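Thanks for coming. I'll talk about pockets in this one, and then stop.

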Amino acid sequence: MREFKERIYNFCAGPAMLPTEVMKKASDEFLNYQGSGMSIMEVSHRGAIFEQVLDDSLNLLRELLSIPEDYEILFLSGGATLHFSAIPLNILKEGETADYAVTGLFAKKSFEEAQRFNPVKKIYDGSSHIFTEIPKLKDSDIHDDAVYLHITSNNTIYGCRYVEFPAVTKAPLIADMTSEILSRKIDVRRFAMIYAGAQKNIGPSGLSTVIIRKDLLGRSGRTIPMMLDYAVTAKNKSMYNTPPTYSIYIAKLIFEWIKSKGGVSTFEKLNEEKAKILYDFLDSSSLYVAPVKKADRSLMNVVFTLKDRSLEPKLLSQAEDAGLHGLEGHRTVGGFRASIYNSMPKEGIVALVEFLKEFEKKV
Ligand code: PMP
């Protein structure tokens, strides 16, 4: 591994780059949190110091996404994958069904996991076009008995997203927003539930967040593990057991950072600008190919390949040497993927485009 004296641009899909300002703040108060003489990592989760951190995190997230009071916000450990099982177990009664739109690998996983517990149905499968576009789902696509429609709002691996969320009224929407939460403005009321793993736009991996309409808590009436039961987590303010305290603290710092920059709308605008710089370049080049349908392209995960695929290892190794890290595509698809979450500055995109341009000139 090459050694760098400075921080580099990290294009990993997650765990991903976090804002340097936040990392510095965390580092400054690491040993002695606000004069307590202890690290936040060392204090009791039941004590006043951590309780304040938890309250601040919950309140900030509510403010940033304008989450209405009839929605509960939960912090859980277990990543986004935990919810692939928790959703049917919490929401569907035995034998009930729901619809799933399979627009990528994580959407497929969420469907297959739900299938283990309930007779859920797949209403869309994008595998025939290698997940390069997003369906326009309508009420006529939704089964009459579907309790909800599950979507993955941004496809982290293949790089497509719902620019418009499905305008369906027959079943409420549940969305996995792991790879785009806080990157765009959303109307929470359009969803019965939103969930996300933290390791892209929120903070460290392992933490996940759930935003759920309160009337859905306990809906299934099933006996399920306490740790999967959203009603138990809600009743105990995300502290039924010891929560991932340090991750919640970092999430609080990230939320403060987003707020200090003007909130989600600032990032939405910036993310649109950043992605446009990169896609415009890829589309104008004769070496690079961005395979996703233009109208459905992700603003967070920009996927591309080379026309001459034999050059890909060379590009990757030169990029690493230039301090542009983590550009390899997901292990299941190859090619390249630049993950450009909120923390990736515009300068990182400009540096990447410059590098890609130079590479194209040389080959
Ligand atoms: N959903 C999406 C959209 C993801 O991108 C990921 C991880 N990259 C997951 C779910 C799984 O998250 P975790 O590893 O936190 O369980």
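First, the terms. On a 1 Å grid over the protein atoms alone, a pocket is an open set of points where a 1.4 Å probe fits, with protein on both sides within 12 Å along at least five of seven lines; lining residues have an atom within 4 Å of a point. Points are joined across faces, edges and corners, and a volume is the space filled by probe spheres set on them. The model is predicted, so local features need pLDDT of at least 70 and side-chain atom pairs 80 or more, while totals for chains, interfaces and linings use all residues. Residues are numbered from 1 along each chain as its sequence is written, and side-chain values use heavy atoms, without hydrogens and water.

The largest pocket holds about 460 Å³ of space. It has 30 lining residues, and A13, G14, F106, T156 and K200 are the closest to its centre. Two or more lining residues come from each of α3 (81-91), α4 (105-115), β6 (154-155) and β14 (336-339); helices here are DSSP runs of H or I, at least four residues, and strands runs of E, at least two, numbered from the N terminus. The biggest share is that of α4, with 3 residues. Domain 1 (26-261) and domain 2 (263-361) each supply at least three lining residues, with bounds from an automatic or database domain assignment.

Now the second largest pocket, at about 270 Å³. Its lining has 17 residues, with E21, W257, S343, M344 and P345 nearest the centre. Here α1 (20-28) and α7 (264-284) are the elements giving two or more residues.
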